[in-house]
Amino acid sequence: MTGDERLLQVGCIGAGAMATWAILPALHFAPIRLVAVCDLDVERAKHAAGRFGASNYYGDYRDMWEKEALDAVIVQMHPGPRRPIVLDALAAGYHVFVPKPPASTSVEAAELAAAAESAGRVLMVNFQRRFSFAVRRAREKMQEPGFGALTQLSSSFCSGLFTGERGQSYDDPVHAFLLDMAPHHLDLARHLAGEVAQVSLHHHLSGDGVALALALKFESGAVGTMQLSSFRIWWRNYDRIELTGRGEYLVLDDLWRLKHYTEAANTFTENWSDERSGELTGDGPCLAEFVAAIRESRQPMCSMRDAVETMRLYEAIYDAVRADRHGVVYQR
């Protein structure tokens with residue numbers, strides 16, 4: 001058996017900005033061999049294949065499936081056009097890795113989860129922030145006796161406006177922000193604090209932007225706040241999370257800075273390399289988890305079934321914003 005044969009043989013469908021900026025550069029963190037790249041823009045597929053070491057490129061994913069021996073596919077595109085391709089891939093026997101948002105609606109996410117379960121295939125969502133440097137270290141600290149039970153989570157996740165190209169394939173810029181960005185921290189809240197029991201909301205709409213202030217209550221009894229806004233500046237670091245235990249607390253800035261405050265001593269850990277490193281942002285470890293779940297015949301962290309709950313939170317918030325409702329908008 002050659003080294004390549006021990007690697008997961010993967011084809012990538014979609015060679016746009018996020019594929020070439022985040023996913024394909026992170027493949028080397030996982031035991032994956034990129035076999036081929038497919039995109040409706042064949043020149044773009046050719047360029048990505050050459051840049052990231054794939055042997056072949058295609059303009060039709062069915063041609064790729066017919067000619068290549070693949071174990072899995074990455075489907076890197078917006079949730080609307082992605083859905084039928086994911087269903088085709090699962091029916092064809094491939095494991096599938098998709099970006100967030102997991103689907104356009106919670107119903108579609110549940111449909112995809114059921115299809116993966118019926119096919120016996122792994123379907124994983126790239127909620128890569130779960131695997132980021134700071135979040136992984138924070139989870140370790142939260143398990144230590146000194147931290148104790150989580151009492152409060154505070155989260156801020158803000159961006160610029162989703163106008164122009166960023167808003168393509170969505171109903172409008174507000175829809176784009178709430179579906180494309182907000183699920184990141186809704187998922188992180190569930191990952192760090194457990195299932196959400198109740199959400200209260202106040203929001204502010206102005207032009208193409210939206211600002212939201214959420215109050216959360218978790219099933220564990222912990223409480224939380226979340227700030228989501230699309231009125232900030234693009235290309236500035238916008239993740240901030242505070243986690244309060246019984247006597248200790250953690251502050252996460254961006255995805256790679258962690259401050260651990262205790263009575264005995266404080267520990268600050270910061271990024272030591274490029275800020276978009278697939279190791280620090282979590283894309284690389286997320287892909288490694290995808291491979292591990294396939295090898296071990298188990299559900300991955302960030303399975304599509306798990307993502308259904310995050311989509312239900314998103315929908316409750318989006319529906320409330322559209323109806324101009326404030327107060328309690330979600331009750332589990």
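I'll start with a helix pair. In this predicted model, helix α6, residues 106–119, and helix α11, residues 304–322, have axes that come within 8 Å and cross at roughly 175°. Angles over 145 degrees count as roughly antiparallel, so α6 is roughly antiparallel to α11.

Which residues make that contact? From α6 they are S106, A109, A110, L112, A113, A114 and E117. From α11 they are M304, R305, V308, M311, R312 and E315. Sorted by class, the contact of α6 with α11 holds 8 nonpolar residues, 1 polar residue and 4 charged residues.

Now the sheet. There is an open sheet of 9 strands with mixed pairing. The strand order reads β14-β13-β12-β11-β7-β10-β9-β8-β15. At the edges sit β14, residues 267–269, and β15, residues 327–331, each of which pairs on one side only. From one strand to the next, the twist averages 15°.

One strand pair in detail. In general, strands of a sheet pair through backbone hydrogen bonds, in either a parallel or an antiparallel sense. Here β12, residues 249–253, pairs with β13, residues 257–261, in the antiparallel sense, over 5 bridges. What stands opposite D253? That is R257, in β13.

Last, helices on strands. Helix α7, residues 133–142, lies across β11 (239–244), β12, β13 and β14. The direction of α7 is at about 175° to β12.

Note on methods. Residues numbered from 1 in each chain as written. Predicted model: local features only at pLDDT ≥ 70, side-chain atom pairs only at ≥ 80, totals over all residues. Heavy atoms only, no water. Axes fitted to C-alpha atoms, helices over the stretch in contact; angles between N-to-C directions. Helix = DSSP H or I, 4+ residues; strand = E, 2+ residues; numbered from the N terminus. Parallel < 35°, antiparallel > 145°, perpendicular 65-115°, else oblique. Contact = heavy atoms within 4.5 Å. Nonpolar A, V, L, I, M, F, W, Y, C, P; charged D, E, K, R; others polar. Pairing = 2+ DSSP bridges.
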